[in-house]
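Let's take a friendly look at some of the contacts that side chains make in a protein. Have the sequence and the model open as you read.

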Amino acid sequence: MIVNEFKRLSLSLALGSISALLSVQTGLNASSPDAIRQLLSTQKCMGCDLEGAGLVFAKLKSANLEGANLGFANLSQATLSNANLKGANLARAVLYGVDLSNADLRGADLRGADLRGAYLAGARLEGAQLGQANFEGAIALPDNLVSPKTYQSWGLRATQRSQHEKAIRYYNIALQKRPSLAASYLGRSLSVSAIGDLDSAIADALRAQQLFQSQQDYNGVRTSQEILSKLQSKKLEQLRLSEQQALDDSFFEEPLNVLLPAILQYFD
């Protein structure tokens with residue numbers, strides 16, 4: 001299941017990158033061109049039909065789009081700070097990297113929207129529909145917007161992509177919100193080992209084992225023991241090396257390549 005999730009994410013990222021390169025174009029329906037011209041010239045388009053509109057990099061600071069239909073619209077990298085989007089339909093919209101600081105999104109429909117990398121400082125989201133919205137990498141997320149397990153999932157994806165600093169940040173947030181997430185300790189152990197900190201990796205794997213034991217998750221205990229054993233073996237190998245001998249990246253990447261499948265198997 002988690003492997004398929006990674007594959008879907010890779011496809012989503014590729015499509016998002018392509019869509020972000022599109023220039024402002026007419027939308028998918030006949031009413032979009034006039035509505036786009038009205039919006040860009042007046043910064044007002046309350047209740048307008050902008051479904052599928054191409055508004056990449058659009059400058060819409062303080063725009064009034066209350067009740068507008070922006071479903072499937074491409075607003076990548078747009079500026080919508082202080083915008084009024086109350087009750088707007090943004091379902092499946094591409095909002096990659098958009099500036100929504102202090103925007104009013106109360107009651108908006110954001111189901112399935114792509115908000116990766118969006119800036120949300122001060123945004124109002126009370127009553128907004130957020131099902132399946134992708135907030136990965138978003139900045140200044142409201143504290144209650146993303147669950148600890150979602151941060152854990154983002155961490156696992158970042159680990160698989162060798163984005164270890166990012167992965168560690170996600171695991172840290174997940175564990176700050178819910179310290180009992182044993183899988184976050186396992187994932188973090190792989191990322192910290194990949195950047196060369198085997199002592200911390202061993203400590204994380206040991207903590208994961210203890211948590212799984214207390215939760216009577218014996219499959220997790222076995223997985224933790226396997227990872228812990230391999231990390232400890234790697235630590236002994238490291239200690240045997242001369243202090244003067246430089247360690248190349250492959251020394252730390254090897255355990256990651258060996259151990260990651262064990263975690264992915266556990267999350268199937």
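R124 is partly exposed, with a relative accessible area of 37% (buried means under 20% relative accessible area, exposed over 50%, and partly exposed in between, using a 1.4 Å probe and protein chains only). Its side chain meets that of E126 in a salt bridge, 2.8 Å from N to O (a side-chain nitrogen of Lys or Arg within 4 Å of a carboxyl oxygen of Asp or Glu). E126 is partly exposed too, at 41% relative accessibility.

This is a predicted model, where local features need pLDDT of at least 70 and side-chain atom pairs count only at pLDDT 80 or more, while totals for chains, interfaces and linings use all residues. Residues are numbered from 1 along each chain as its sequence is written, and side-chain values use heavy atoms, leaving out hydrogens and water.

The structure holds twelve salt bridges. In one of them, D109 and R111 meet at 2.7 Å, N to O. D109 is buried at 10% relative accessible area, whereas R111 is partly exposed at 42%.

E136, R157 and R161 are linked in a network of salt bridges. Both R157 and E136 are buried.

## The disulfide

How many disulfides does the structure hold? There is one (a pair of cysteine sulfur atoms within 2.5 Å). C45 and C48 form this disulfide, with their sulfur atoms 2.0 Å apart. The torsion about their S-S bond is about -95 degrees, so the disulfide is left-handed. C45 is buried at 0% relative accessible area, and C48 is buried at 12%.
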